[in-house]
Amino acid sequence: MAAGFSYTDAARSVGRRSGDAVSRLVSRFNEQGLSALYPLHGGGPPVVYDQAKREQIVHTLQQAPDRLEDGTASWSLSTLQRKLRSSEPAFATISTYTLQKVLNECGWSWQKNRSWCATGEVMRKRKAGVVKVVDPDAEAKKF
């Protein structure tokens, strides 16, 4: 557009047929600046728990539960759900399915010993005691 092209010519130069999308992008750029160039939500259901909320879920999981306040020594999905629902109104309707999905996407998995563990990390018993073993290829194996 800075070179003096029309909306239609600018659209064709990037492989598009219509100049309508270019005109919407230009008007959004004039209102918002460079942030208009970042992609927006592309359809589907609205995003309920953004990145900040997901980080808050993982942060709550990483904190040890208070036995008196939370009534547990380790987090399960239902106790984590109860804690989040009571802590902030944004989590008032969060489900255990959503919690499990968010935690799995963030690299946490439920273990046989009824605890959560970051994917690629495991606690192993050795003669010298319990040690933390980290798999260096964990990220590659996720996908």
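Analyst: A salt bridge is a side-chain nitrogen of Lys or Arg within 4 Å of a carboxyl oxygen of Asp or Glu. This is a predicted model, in which local features need pLDDT of at least 70, side-chain atom pairs count only at pLDDT 80 or more, and totals for chains, interfaces and linings use all residues. Residues are numbered from 1 along each chain as its sequence is written, and side-chain values use heavy atoms, with hydrogens and water left out.

The network links E69, D70 and K83. Within it, K83 and E69 meet in a salt bridge, 3.1 Å from N to O. K83 lies in helix α5 and E69 in helix α4 (residues 67-70), so the pair ties together parts 14 residues apart in sequence. Helices (H or I, at least four residues) are DSSP runs, numbered from the N terminus.

How open are these side chains? Buried means under 20% relative accessible area, exposed over 50%, partly exposed in between (1.4 Å probe, protein chains only). E69 is exposed at 57%. K83 is partly exposed at 22%.

The rule gives four salt bridges in total. One of them joins K53 to E88, with the closest N and O atoms 2.7 Å apart. K53 sits in helix α3 (residues 51-62) and E88 in the loop between α5 (77-87) and α6 (96-105), so this pair ties together parts 35 residues apart in sequence.

E105 and R54 also pair, at 2.5 Å from N to O. E105 is in helix α6 and R54 in helix α3, so parts 51 residues apart in sequence are tied together. E105 is partly exposed at 47%, and R54 is partly exposed at 22%.

Terms used: Helix = DSSP H or I, 4+ residues; strand = E, 2+ residues; numbered from the N terminus.
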